[in-house]
Amino acid sequence: MPYNFKKFEGRNARLESRITITKSNSIGFPTKFYVDNKIKDYKYVILFWDEQNQAIGVHFTNDEENRHEKDRFSVIHSNKNYGGSVVTRSFFKANNIDLEKYHGKYDWKIVDLEDYGHLYVIELKEGK
C-alpha cells in the first residue's frame, strides 16, 4: 500500500480560529481565522454593538466612501503571518466595555445585517 505522507510543519503556527479581545484595546484575528476568512483581502472593519445581548459585530470591508470614514477601523495585517488585528479603543470606551472583565478568546457566528451583509458576531462573557 503506497503512502502519501506530508511533513507536519504547523507546530509553531497559530491554529486558533476564535476572535480575541485584548486588554490593550484591540480585537485580534488569529492566523487560522485570518486565513480561513480571507481577511488579507480587507482594509477595514466596521463595528457594531448590541448592548442588550452584550455582542460585538465585526464587518470587514474595503469601502472607501466618505460615509464610513469615521466609523471604520483599519485592519493591521501582520507581516509575519500572525493574522491581523484592529485597535478599537474608542469603540470600547464609547460602549463602556470593561476589558478587564471581557478580554479573552471568543467563538463567533455569522449573522447577516441589512445594508452590510456578513457580521462576525461574538457574545461577551465575563471572565472569559
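Strand 1 and strand 2 pair in the antiparallel sense over two bridges; pairing here requires that DSSP finds at least two bridges between two strands. Strands (E, at least two residues) and helices (H or I, at least four) are DSSP runs, numbered from the N terminus. Within this pair, Thr20 has Gly28 of strand 2 as its bridge partner. The model is predicted: local features need pLDDT of at least 70 and side-chain atom pairs count only at pLDDT 80 or more, whereas totals for chains, interfaces and linings use all residues. Residues are numbered from 1 along each chain as its sequence is written, and side-chain values use heavy atoms, with hydrogens and water left out.

The largest nonpolar core has 24 residues, of which Ile21, Ile56 and Phe60 touch the most other members. A nonpolar core is a set of buried Ala, Val, Leu, Ile, Met, Phe, Trp, Tyr and Cys residues joined through side-chain atoms within 4.5 Å. Buried means under 20% relative accessible area, exposed over 50%, and partly exposed in between (1.4 Å probe, protein chains only). Among the elements that give two or more residues to this core are strand 1 (19-21), helix 1 (31-36) and strand 10 (117-123). Strand 4 gives the most, with three residues. Leaving aside residues up to four places away in sequence, Phe60 touches Phe29, Phe33, Ile39, Tyr42, Tyr44, Val45, Val75 and Tyr120, where contact means heavy atoms within 4.5 Å.

Phe5 lies in the segment before strand 1.

The structure holds five salt bridges, each a side-chain nitrogen of Lys or Arg within 4 Å of a carboxyl oxygen of Asp or Glu. One of them joins Lys32 to Asp36, with the closest N and O atoms 2.9 Å apart. These two residues are separated by about one helical turn, because they are four residues apart in helix 1. Lys32 is partly exposed at 33% relative accessible area, as is Asp36 at 46%.

Lys109 forms a salt bridge with Glu123, the closest N and O atoms being 3.2 Å apart. This pair links distant parts of the chain, with Lys109 in strand 9 (residues 109-113) and Glu123 in strand 10, 14 residues apart. Glu123 also forms a salt bridge with Lys125, at 3.8 Å between the closest N and O atoms. Through shared partners, Lys109, Glu123 and Lys125 are joined into one network.
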